[in-house]
Amino acid sequence: MDVVWMLLLLLLFPLLMWTSSTFVFYFKKFFYVAWMMFLAIVGIPICLLKSGGRDVENMRIIRSMVRHVKYLFGLRIEVSGWEHLQTEGPYVIISNHQSSLDVLGMMEILPDRCTTIAKKELVYAGTVGLICWLAGIVFINRKKTSDAKSVMADAAKTMLDEQIRLWVFPEGTRNQNGDLLPFKKGAFHLAVQAQVPIIPVVFSSYSSFYLRKEKQFKSGVIRLRILPKIETKGLTSDEVSCLSDQSHSLMRTAFLEISGLVAKSNGPLKH
Ligand SMILES: CCCCCCCCCCCCCC(=O)SCCNC(=O)CCNC(=O)[C@H](O)C(C)(C)COP(=O)(O)OP(=O)(O)OC[C@H]1O[C@@H](n2cnc3c(N)ncnc32)[C@H](O)[C@@H]1OP(=O)(O)O
Ligand SMILES: CCCCCCCC/C=C\CCCCCCCC(=O)OC[C@@H](O)COP(=O)(O)O
């Protein structure tokens, strides 16, 4: 009986993969999470052996382990503006955030000694949470602004003391609305407090291959554009809003351009 069920399942699987895009969506999502969990299981002991604990150098291990994942999902990543990452010392990278698939583009260009800021819930994501912690990811509680601010102020100091770069998603959450959300201020305070440059990175829209609401996940191309750095030397907290608006406008223009979209209006985005 078991054999009959097995055969039926084996026949049903390709049939569903062929006929149902919703099935493909859930299967690929499940496989993505499962594969990342598995990679983390392999990566954790390597991190522990190499650096003995929590260390930003472990990001190199994650980077090299994650780079093949794009091929499993038929994704091509086209990067432009590599020269803008040729900057010595610490800086803050800011990028738009559409999905957990952003990790693939992130690992494609992640510079050495660069870790990221993530919501604290990620630390509970099983083996992925543990490897994130080992790689020095800074966890913030988004529901408690004062806590998040003080963690980020500490991060500004650590960046300088330990020559670390930080990747922040200034939209503060995943967003697939075909545009950028208004930016939160943390990344800009961080850069101003540490007096380090900001390097904006823009991911093109995933809407041609990945649609969460419509349950679609096909093969496709991700265009990644690295923009010229924005200096913050001499800026104070009074200029943070202006810095945020300037970055938003540059990134929005690049986002629309590399996504083949046209701006609906040049005015400020509405919440
Ligand atoms: C093999 C396995 C692989 C594993 C994969 C590994 C890769 C994993 C990748 C993981 C990827 C995971 C990706 C993820 O998890 S993305 C989600 C987590 N990341 C973020 O949320 C980052 C962006 N968020 C912020 O920057 C927010 O600002 C925070 C959270 C800090 C506050 O939120 P809030 O909603 O409250 O925002 P607000 O910006 O309106 O600020 C309110 C006021 O506070 C002022 N203010 C703000 N900040 C500072 C500051 N630092 N010093 C002094 N003041 C500061 C600000 O000026 C404003 O005042 P005013 O101007 O109105 O007077
Ligand atoms: C004990 C088992 C728990 C299982 C949980 C599975 C966790 C996911 C595991 C693997 C996914 C691959 C690595 C992805 C890391 C990226 C995480 C991410 O993109 O977080 C979302 C966050 O930026 C914004 O969150 P919201 O949109 O505000 O919400």
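Select the shell around ligand 2, the residues with a heavy atom within 4 Å of the ligand, and colour it by residue type: eight are nonpolar, four polar and three charged, where Ala, Val, Leu, Ile, Met, Phe, Trp, Tyr, Cys and Pro count as nonpolar, Asp, Glu, Lys and Arg as charged, and the others, Gly among them, as polar. This is a predicted model, in which local features need pLDDT of at least 70 and side-chain atom pairs count only at pLDDT 80 or more, while totals for chains, interfaces and linings use all residues. Residues are numbered from 1 along each chain as its sequence is written, chains are lettered from A and ligands numbered from 1 in the order in which they are written, and side-chain values use heavy atoms, with hydrogens and water left out.

Next, select H97, K119, R142, T173 and R174, which come nearest of the 15 residues around ligand 2. Which distances separate the side chains of K119, R142 and T173 from oxygen atoms of ligand 2? For K119 the distance from a side-chain N or O atom is 2.9 Å, for R142 the corresponding distance is 2.8 Å, and for T173 a polar side-chain atom lies 2.6 Å away; a polar contact is a pair of N or O atoms within 3.5 Å.

Now show the helices (DSSP runs of H or I, at least four residues, numbered from the N terminus) and select α2 (21–51) and α6 (126–134), each of which supplies at least two residues of the shell around ligand 2. The largest share, four residues, comes from α2.

Finally, select residues 91–206, which an unreviewed UniProt entry lists as "domain: Phospholipid/glycerol acyltransferase", an annotation that may be inferred rather than shown by experiment.

Conventions: A polar contact is a pair of N or O atoms within 3.5 Å; within protein, one must be able to donate a hydrogen and the other to accept it, and residues adjacent in sequence count only if both atoms are side-chain atoms.
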